[in-house]
Amino acid sequence: MTLLVRERPAPTGMHVQVDRLRIGGLALRVSTVRDAAAHDRPERDHRDFVLVHGLGSSSATFGRLARRLASAGTVHLLDLPGFARVPRPREGLGMEDLARLVTRWVEHAGVQGATFLGHSMGAQVVTEVLAVSPGIGSHLVLVGPTVEERARTATRQMLHLTRSTAFESHRLRALLLRAYVECGPRWFVRELRHMMRHPLEDRLRQVDVPVLLVRGEHDRVAPNPWAELLAAAAPRGRAVTVAGAAHAAMYDHGREVGDLVLEHVAR
């Protein structure tokens, strides 16, 4: 395992450390966010959060949510291989492969009892982490999870994503456009195929920690019936809809989603 560390400019009172690693030949970038205010919290109230982005996206979409969660502990933002200028391998990676990479990093970093949060495809990755490794985390949060069972074609996914994007902010659209360019069409399509084949609803049945499903009111990728189905599949699941939000609810409604996450882990 190789490691390169650098610091990133951050808002006053916050500290961001960026680690570039190779684990089992796969590249991974981890940005760890700490808020000075969280150090005053009793150790028993300190939380760790592991956030995984979606297909064609990057950890930058978690910026506002990360700042909210950092008030309660340490936030780890992961950029997966092939995304956000992280080197990609020769072959595509299934959700199981990405989950193994995340699990190995968690073990390497010594992170214990974390809350795992995934957006879109990232929801499949973090679910796989907890399904395969019970006890590695305390809570699970899925934001706009993919892939709805009735829409498992590339055409339907793109159509639903386009309809949802119409309700996102201009700033988020620009951020996603840059992320798609950095990812590139070949890697996007490769990972899309793997994403389609992963049965999230079946894997959630293997997760024994409390699960929170979060979707935006205008999210066509993760419609309400799909979120309710997933909540019912999880042994300890529940679903919440954020009014006015779309597929990337954690960006334009970062504080609201952050409050939902903190309320979830406090249960």
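What follows is a short chat about a cavity and a helix pair in this predicted model.

Author: Local features here need pLDDT of at least 70, side-chain atom pairs count only at pLDDT 80 or more, and totals for chains, interfaces and linings use all residues. Residues are numbered from 1 along each chain as its sequence is written, and side-chain values use heavy atoms, with hydrogens and water left out.

Reader: Which residues line the largest cavity closest to its centre?
Author: Lining residues have an atom within 4 Å of a point. There are 19 of them, and Leu55, Ser120, Leu161, Tyr180 and His247 are the closest to the centre. Helix α4 gives the most, four residues; helices are DSSP runs (H or I, at least four residues), numbered from the N terminus.

Reader: How do you know that α2 and α3 are in contact?
Author: Contact means heavy atoms within 4.5 Å, and among the residues making this contact are Leu98 and Val102 of α2, plus Val125 and Val129 of α3. The axes of α2 (residues 95-109) and α3 (residues 121-132) come within 8 Å and cross at roughly 65°. Axes are lines fitted to C-alpha atoms over the stretch in contact, with angles running from 0 to 180 degrees between N-to-C directions.

Reader: Why is the crossing of α2 and α3 called right-handed?
Author: A crossing gets that name if the near helix is turned clockwise from the far one by less than a right angle; α2 passes α3 that way, so right-handed it is.

Note on methods:
1 Å grid on protein atoms, 1.4 Å probe; cavity = no way out; pocket = protein on both sides within 12 Å on 5 of 7 lines; lining within 4 Å. Helix = DSSP H or I, 4+ residues; strand = E, 2+ residues; numbered from the N terminus.
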